[in-house]
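The following exercises are to be worked with the sequence and the model in view. Each task sentence is followed by a solution in steps.

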Amino acid sequence: MKPVEKITARPAGTVLDAVIVDGPDHLAEERPAPGTGDALRILLVEDSPPDVEMIRHILRDAGRSVSVIVVETREAFEAELSRRPPQLILSDYWLPTFDGSKALAIAKRIAPHIPFIFVTGVLGEEVAIEMLKEGATDYVLKNRLTRLAPAVSRALRESQQRREREQAEEKLQRSHDQLRALTGRLQFVREEERARIAREVHDELGQALTGLKLDLAWLAGKLPGTREVQGKIKTMSAHIDETIHAIRRIATELRPGVLDSLGLAAAIEWQAADFQERTGIRCDVRIEVADMSWDKDVSTACFRIFQETLTNIIRHANASRVEVRLAQDEQELFLTVRDNGRGISEREIIHTRSIGLIGMKERAAQVGGEVFFFGLPGRGTTVSLRVPLPAAVSHERSHA
């Protein structure tokens, strides 16, 4: 092992003592003089002490306070990166035991966000381009070290901007996740409330009106049998029947009982038949799924997306025929609705005021799925929903 060499010459009050240690842990550390404030931490991969001193002086002359750790070997480089990542890495490309390409790969694996600048001798253009593609920030030739300080400034500035951008993106993502969680909670509460109201409307009002109709029938048998009185009673009874039917319709629209009692496939068939009866638009349904029930949230999301799709067809499509397909494989549940109407445009799909489409996308996202819209002018619109099935459902189906 070679003796320790100390390099202490420096102008008073600037920087740096350098200690160079040879061997497997070849390392040199330069510390800022007292009172100089926070120093820029640099990890320098270099085997030439004169070049180390030259780089130090270039940065010092640029007015920077720096703390430099110098390593020669791969082991020391990895250890230092893991121990305390620096703010900047400077590296020679040609080293006795490993080259700059390996140093760059190690840096990108251990500390991918730290700027990496090659400070080297001869470096071919093809090699330089390849290193930049691999993630190097810049390269400076040793015979043009006047570029070093500007290159360091630019690298640090870009690194800071990148960190700020990533922090902003993380903050935005957290806000997005919180908003999505809130939306999911609101949708869950909304569905629960709709189900509760549907039950109360159907049971309480339906029973009350049925009782009122029975009382009216009893009254009809007790009153004098004049034509005028009996006619009025029949009219009232008919109005009660109409009100009962309206209550059933409202309760069904709030929360179709068939969805909870018979499942998604039956609910889609019922909704398609009701749509065809109300609009006169032919609606063909193909059900290609195993006879099983899915998670309640998945069934609700698929059914509400199907309802919204049919609503959009009524309002905008001017279609005469709709084809519906519900299918599944081992991994996903698929719902496809295709009409032969005017065809949705790309502008309509991405328009911020397309609240219905946005709501469909959000409902799909709540259960981990995706919904896609595709239209051709005069040839109709296709809405495709894909929802991943829980592992338990896939496993059950694979052993059915």
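**Setting**

Of the chain's contacts (heavy atoms within 4.5 Å) between residues at least 6 apart in sequence, 66% join residues at least 24 apart. The model is predicted: local features need pLDDT of at least 70, side-chain atom pairs count only at pLDDT 80 or more, and totals for chains, interfaces and linings use all residues. Residues are numbered from 1 along each chain as its sequence is written, and side-chain values use heavy atoms, with hydrogens and water left out. The chain contains twelve helices and 13 strands; helices (H or I, at least four residues) and strands (E, at least two) are DSSP runs, numbered from the N terminus. Buried residues make up 39% of its 400 residues, where buried means under 20% relative accessible area, exposed over 50% and partly exposed in between (1.4 Å probe, protein chains only).

**Exercise 1. Describe the packing of helix α9 against helix α11.**

Step 1. Two packed helices are described by the angle between their axes and the distance between the axes. Axes are lines fitted to C-alpha atoms, for helices over the stretch in contact, and angles run from 0 to 180 degrees between N-to-C directions.

Step 2. For α9 (residues 296–317) and α11 (residues 355–366), the axes come within 9 Å and cross at roughly 165°.

Step 3. The α9–α11 crossing is left-handed, that is, the near helix is turned anticlockwise from the far one by less than a right angle.

Step 4. On the α9 side, A301, R304, I305, E308, T309 and N312 take part, and they meet G356, L357, M360, R363 and A364 of α11. By class, this contact holds five nonpolar, three polar and three charged residues; Ala, Val, Leu, Ile, Met, Phe, Trp, Tyr, Cys and Pro count as nonpolar, Asp, Glu, Lys and Arg as charged, and the others, Gly among them, as polar.

**Exercise 2. Which residues do ring pairs link into a cluster?**

Step 1. Rings of Phe, Tyr and Trp (its six-membered ring) pair if their centres lie within 6.5 Å; planes under 30 degrees apart count as stacked, over 60 as edge-to-face and the rest as tilted. This rule gives four aromatic pairs.

Step 2. One of them joins Y93 and W94, edge-to-face at 4.8 Å centre to centre with 80° between the planes. In F116 and F118 the ring centres are 5.0 Å apart and the planes stand at 70°, so this pair is edge-to-face.

Step 3. The cluster linked by ring pairs consists of Y93, W94, F116 and F118. Y93 is buried, with a relative accessible area of 8%, and F116 and F118 are buried as well.

**Exercise 3. Is S91 buried or exposed?**

Step 1. S91 belongs to strand β6 (residues 88–91).

Step 2. Its relative accessibility is 0%, so S91 counts as buried.

Step 3. Leaving aside residues up to four places away in sequence, S91 touches V45, G100, A103, F116, I117, F118 and V119.

**Exercise 4. What is the backbone setting of N318?**

Step 1. Most residues other than glycine have a negative phi.

Step 2. Phi of N318 is near 55°, a positive value in a residue other than glycine.

Step 3. N318 lies in the loop between α9 and β10 (321–328), and at 71% relative accessibility N318 counts as exposed.
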